[in-house]
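Trainee: I am new to this structure. Please take me through its charged side chains in one close look.

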Amino acid sequence: MKILVPIKRVVDYNVKVRPLSDNSNVDLNNVKMSVNPFCEIAVEEAVRLKESGQSSEVVVVTVGGDESQEQLRACLALGADRAILAQSEGLLEPLAIAKVLTKIVESENPNLIILGKQAIDGDNNQTGQMLASMLDMPQATFASELKIEGDSALVTREIDGGLQTINVSLPAVVTTDLRLNEPRYASLPNIMQAKKKELSIQNVSDLGIDVSNRTSILSVELPPTREAGVMVDSVDELVEKLKNEAKVIT
Amino acid sequence: MSILVVAEHDNSEVKGSTLNTVTAASEIGGDVSILVAGSESSSVAEQAAKISGISSVIHVDDPIYKNFLAEDLGNLVVSVADGFNYILAPATTFGKNFLPRVAAKLDVQQISDIISIEDADTFKRPIYAGSCIATVKSTDSVKVITVRTTAFDASPVVDSSVNVDVGAVVDSLNNSKFVSDEIAESDRPELTAADVIVSGGRALGSSENFKIIEALADKLGAAVGASRAAVDAGYVPNDYQVGQTGKIVAPSLYIAIGISGAIQHLAGMKDSKVIVAINKDEDAPIFQVADYGLVGDLFEAVPELTDSV
Ligand SMILES: Cc1cc2nc3c(=O)[nH]c(=O)nc-3n(C[C@H](O)[C@H](O)[C@H](O)COP(=O)(O)OP(=O)(O)OC[C@H]3O[C@@H](n4cnc5c(N)ncnc54)[C@H](O)[C@@H]3O)c2cc1C
Ligand SMILES: Nc1ncnc2c1ncn2[C@@H]1O[C@H](COP(=O)(O)O)[C@@H](O)[C@H]1O
């Protein structure tokens, strides 16, 4: 079973992102970039399936600029076998990314595609679902458990009311939630070894698809800030303030 | 303008998220239709017909829609999409699951999680865990949008009803099957609808200890929430998680207990009206958003608080 894992280079989750001074976009100058955390979980799941003998090959792919090679190498160090960079000019939107990934799926023919449920930059939560739709494949989003059972996958999903388990026939698209697994750290020998693994580059402009943006960002601003509150010295004072000042309890 | 809202429900009742989404649709302005797809769901269609601001209901009832599987629901929405300028669903796990499938089929870039409508094609939405708010303009002729429910009031339910039209079922691809549900049963209010929320974090240390959070919540008639750390550690189920990648809440009162206030947690609760933080570390970032902060050991403060409210 071949597994394809689309990953994204994003701002590290520890960075507090701010708007540029002209409010035209976010300021990404000199900030630390990482593999999107949900994509790390996706890579980890694929690698575990390989380690348990259920998968023969794990291929990671990203749509992005040359700098994304760094994140592809990081995924190779986590255990992926091979990487593909679909090189694009500028940042594409989920719709266009899903179109590019459709082309990659058509040439790679994976049995399973695992993505993150959301990229923590745009918080869009769309790409996996769009990809599944374009390929007319079933999907299992927000996965917290994944079991391969012959030619289908049994997936437990984190939904607002609790958990839902579904069975999707393969090939299928799965998107990861936080509880699916805890990704490993890459060891130094694996980081060294990853440098020798295959990383092929394709140009998005050669794929013959329309990847033009459908939306434009007019401005990016800070959210309204909350006014500084007060510190109370005791539980009694807290209760008094909640009753008489804030009037939120009786 | 013609707007379609896809209703979230449980086959017996309309969920509150649908009422918020109708308000967003009404703000766009125009004829608002609502699609109720479900199984044995006629009571939902009847209720939907009474939501203020809508002009018609499309009801499609079939066992294949019972569990709202994304493949079938997505194809159904695509089949009724013709003629609508906007297609809206709540930004809950229900809406997030199927709506991007619709957008892809219509060749539209979905706008996720809008918090305001600036004009017919311009919307505001949080990005980077709510660190920034982007104003986004769409050039697509049909706008496919998920709506952050806390950003829009619930549309009232009125006495008079509009027409309910029966829509056609779309054949299932049968490539996805529902197996089972583990839906939490609770007497407490639902997290996203609660007026008061008491949330606990990693500091609770165990599910046993988490009971002091539940005791306070029950005294206040509140819902119970949690940080990711508390969920990951197994103290509480996944559906308690508040934050960037969990639930977005905005109650009148949010009490954060033993939660440090990571940006991913704040993303889910900082629009609450009044925030209270109890933490033993006076430098915890949660105090920067709290209206009332109490520095102290939660294992002393919380039982005392429960006794005095
Ligand atoms: C991709 C991604 C998505 C995420 N999504 C979310 C999300 O949706 N929601 C979310 O919450 N987090 C999310 N996180 C995790 C987030 O970054 C933090 O790790 C998490 O919120 C921390 O939880 P916590 O505050 O309970 O734990 P900690 O940060 O460990 O804080 C525990 C706090 O308890 C205090 N404390 C300890 N003992 C006591 C005591 N006896 N009495 C009083 N106070 C005490 C400590 O001072 C500390 O401030 C996400 C992270 C990533 C990478
Ligand atoms: N540029 C990209 N290249 C490859 N995969 C991507 C890209 N952007 C998003 N994805 C995948 O889609 C998931 C969801 O992203 P999003 O829809 O942007 O929230 C991510 O976790 C990745 O797995």
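Mentor: Start with a term. Helices and strands here are DSSP runs, numbered from the N terminus; a helix has at least four residues and a strand at least two. Keep in mind that the model is predicted.

B:Asp297 sits in the loop between β16 (292-295) and α8 of chain B. Its relative accessible area is 36%, so B:Asp297 is partly exposed.

A salt bridge here is a side-chain nitrogen of Lys or Arg within 4 Å of a carboxyl oxygen of Asp or Glu. By this rule there are 27 salt bridges over all chains.

One of them pairs A:Asp136 with B:Lys105, with the closest N and O atoms 3.2 Å apart. A:Asp136 lies in the loop between α4 (127-134) and β7 (139-149) of chain A, while B:Lys105 lies in helix α4 (residues 93-105) of chain B, so this pair joins two chains. A:Asp136 is partly exposed, at 42% relative accessibility. B:Lys105 is partly exposed too, at 35%.

Next, look inside chain B. B:Glu71 forms a salt bridge with B:Arg101, and their closest N and O atoms are 4.0 Å apart. B:Glu71 has 2%, so it is buried. B:Arg101 has 3%, so it is buried as well.

A further bridge in chain B joins B:Arg148 to B:Asp113, with the closest N and O atoms 3.0 Å apart. This pair also links distant parts of the chain, 35 residues apart: B:Arg148 is in the loop between β9 (143-147) and β10 (164-166), and B:Asp113 is in strand β5 (residues 111-114). B:Arg148 counts as buried at 10% relative accessibility. B:Asp113 counts as buried at 13%.

Finish in chain A. There, A:Lys2, A:Glu57, A:Arg82 and A:Glu108 are linked in a network of salt bridges.

Conventions
Residues numbered from 1 in each chain as written. Chains lettered and ligands numbered in written order. Predicted model: local features only at pLDDT ≥ 70, side-chain atom pairs only at ≥ 80, totals over all residues. Heavy atoms only, no water. Buried < 20%, exposed > 50% of the residue type's maximum accessible area, 1.4 Å probe, protein only.
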